[in-house]
Amino acid sequence: MPLISVNTAAALIRQHLPDWGTEIVSLSTLHPRILAEPILSDRPYPPIDRIMMDGIALNWQHYDAGQRTFPILGTVAAGDVPPPLSDPSACFEVMTGAALPQGCDLVIPYEALEIKEGIASIRHPEPWLPYQFVHRCGSDAPAGAVILPAGTPLHSPAWGILASVGHTQVRVKRYPRTQLIATGNELVAPEQTPNPHQLRLSNTYALAAALQRQGYSQVSLTHLPDDPQRLAQHYQAASQTHDLLIYCGGVSKGKFDYLPQLWQQQGVQQYIHGVAQRPGKPLWFGIDHQRQTAVFGLPGNPVSSLVCLHRYLLETPVLYARLAAPVHFEKPLAYFLPVKLETTQNAELVAHPRPMQNSGDFLALADTDGFVELPAEQQTFAAGECYRYIPWS
Ligand SMILES: Nc1nc2c(c(=O)[nH]1)N[C@H]1C(S)=C(S)[C@@H](COP(=O)(O)OP(=O)(O)OC[C@H]3O[C@@H](n4cnc5c(N)ncnc54)[C@H](O)[C@@H]3O)O[C@H]1N2
Ligand code: MOO
Ligand SMILES: [Mg+2]
């Protein structure tokens, strides 16, 4: 198995992984998604001169000329059609969110007023300025402005913006119809009680959680035994109905690691089998061009499969963390080292190594936040040096 570098593997996957296109989702989805169209403001924002304080609205020139008491003509609440100020020496009581009545260009909050028998008197000596406490019409964005560019990840504020502009249907990046396939005779379902030689399958749950947290909304899980016929039957059916098949286990050198040969027989073009990394060395990746299905074979060890998913498929932020302690790693392999992250008051990310015993030691991940990528070219990594940090999804 000739090993390729982590960067070569990442580049091959980027190059060959299909663009899954786009789809329309409804506003009620609210899942993590990536916007695939620019969103324009449907009208100026705010759409009115919006009152920002509960108080009175009046004409600034009258205030500037020295007038300090104003008869109240009425009350304008949020949602009211604002009446014009028919007498410029009078005022309206106005509420936050109401539209500024025509003829008014100043809002003074209740705290600066005394109101008695229908007359508001300004008690506060502050010089009030024109349009004070008025959120001017169009001052946030004019009509027709791009307020969310295509490619924006839809975080919570973005969903609020979509609702505000009335985008009840929105075009987003489509995530692939994905199946996670746990392989292995030793595995039983989590609800079963394993015999001593068996274990509950856990990898596909960890992988599914990571995918779902990134927005993959169509992810199914299945389990197959190490049986070439069953694996072949499953592949033929699943490759028709899925865009992405992520296998877990069965890709190394064992007598029952049937998958690489099976994919070859099924016509999947292999791009990767073996990456100079620990864990995750036996990683397999290929594309079935005929059926338009992408295939990942993640090494079965739990830490290996998780690390490979994060490094090669998921969108991860570009972050760097400083090693809190020195690390020595002899092998000419990139080392994905699980870490506990500390954030310091001077805005530094500090990575505390939490080395596991081996890539089967998934319990060691419980007290970690992600992993650092230590390059293959180096053997010693000093405390204080910075390396790429990838958080768990
Ligand atoms: N002769 C060699 N043997 C191995 C090599 C090698 O280069 N030469 N590589 C080792 C490395 S590194 C890894 S990683 C594993 C990968 O093996 P497979 O992808 O074939 O995975 P399996 O053999 O099926 O399983 C490995 C291990 O993981 C457990 N497992 C698998 N699936 C799950 C699951 N869904 N949930 C929980 N645990 C799972 C499985 O029981 C095994 O213990 O190969 C080494 N061998
Ligand atoms: O590379 Mo394996 O993933 O070390 O256990
Ligand atoms: Mg194996």
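Okay, quick one to start: in which loop is Q292 found? Q292 is found in the loop between strand 20 and strand 21, which covers residues 293-298. When I say strand or helix, I mean DSSP runs numbered from the N terminus, with helices being H or I of at least four residues and strands being E of at least two.

Before going on, what you see is a predicted model, so local features need pLDDT of at least 70, side-chain atom pairs count only at pLDDT 80 or more, and totals for chains, interfaces and linings use all residues. Residues are numbered from 1 along each chain as its sequence is written, chains are lettered from A and ligands numbered from 1 in the order in which they are written, and side-chain values use heavy atoms, with hydrogens and water left out.

Back to Q292. Its phi is near 55 degrees, a positive value in a residue other than glycine. Q292 is also exposed, at 62% relative accessible area. For these words, buried means under 20% relative accessible area, exposed means over 50%, and partly exposed is in between, using a 1.4 Å probe and protein chains only.

L30 gives us another positive phi, about 55 degrees, and L30 is not a glycine. You'll find L30 in the loop between strand 1 (22-26) and strand 2. With 55% relative accessibility, L30 counts as exposed.

Now for the cis peptide bonds. One runs from Y45 to P46, with omega near -5 degrees, and P46 lies in the loop between strand 2 and strand 3. D42 is in the loop between strand 2 (39-40) and strand 3 (50-51), and its side chain makes a polar contact of 2.7 Å with the side chain of Y45. A polar contact here is a pair of N or O atoms within 3.5 Å; within protein, one must be able to donate a hydrogen and the other to accept it, and residues adjacent in sequence count only if both atoms are side-chain atoms. D42 is partly exposed, at 44% relative accessibility. D42 and H167 are 125 residues apart in sequence, with their C-alpha atoms 9.5 Å apart in space.

A cis peptide bond also joins R278 and P279, with omega about -10 degrees.

Which residues surround ligand 2? They are P279, G280, K281, N301, S304 and S359. Being near a molecule means having a heavy atom within 4 Å of it. A backbone N or O atom of G280 lies 2.4 Å from an oxygen atom of ligand 2. Side chains reach ligand 2 as well: an N or O atom of the N301 side chain is 3.1 Å from a ligand oxygen, and for the S304 side chain the distance is 2.3 Å.

S304 also belongs to helix 7, where it is one of the buried residues. Why call helix 7 (residues 302-312) largely enclosed by the rest of the structure? Because eleven of its eleven residues are buried.

Over to ligand 1. Of the 19 residues around it, E186, S202, G250, S252 and G300 come nearest. Backbone N or O atoms show up here too: one from S202 is 3.0 Å from a nitrogen atom of ligand 1, one from V251 is 3.1 Å from an oxygen atom of ligand 1, and one from N301 is 3.4 Å from an oxygen atom of ligand 1. Taken alone, ligand 1 exposes 870 Å², and the protein buries 70% of that. Those accessible areas come from the Shrake-Rupley method with a 1.4 Å probe, and for residues only the protein chains shown count as cover.

Ligand 3 is a magnesium ion, and its protein donors are D257 (OD) and D257 (OD), lying 2.5 Å from it. Donors are N, O and S atoms within 2.8 Å of the metal (3.2 Å for Na, K and Ca), and water is not among the atoms, so sites may look incomplete. D257 is in the loop between strand 17 (244-248) and helix 6 (259-265).

Last stop, cysteines. How many disulfides does a search of the whole structure find? Zero disulfides, where a disulfide is a pair of cysteine sulfur atoms within 2.5 Å. For C137, the nearest cysteine sulfur is that of C104, 16 Å away. C137 is partly exposed, at 38% relative accessibility.
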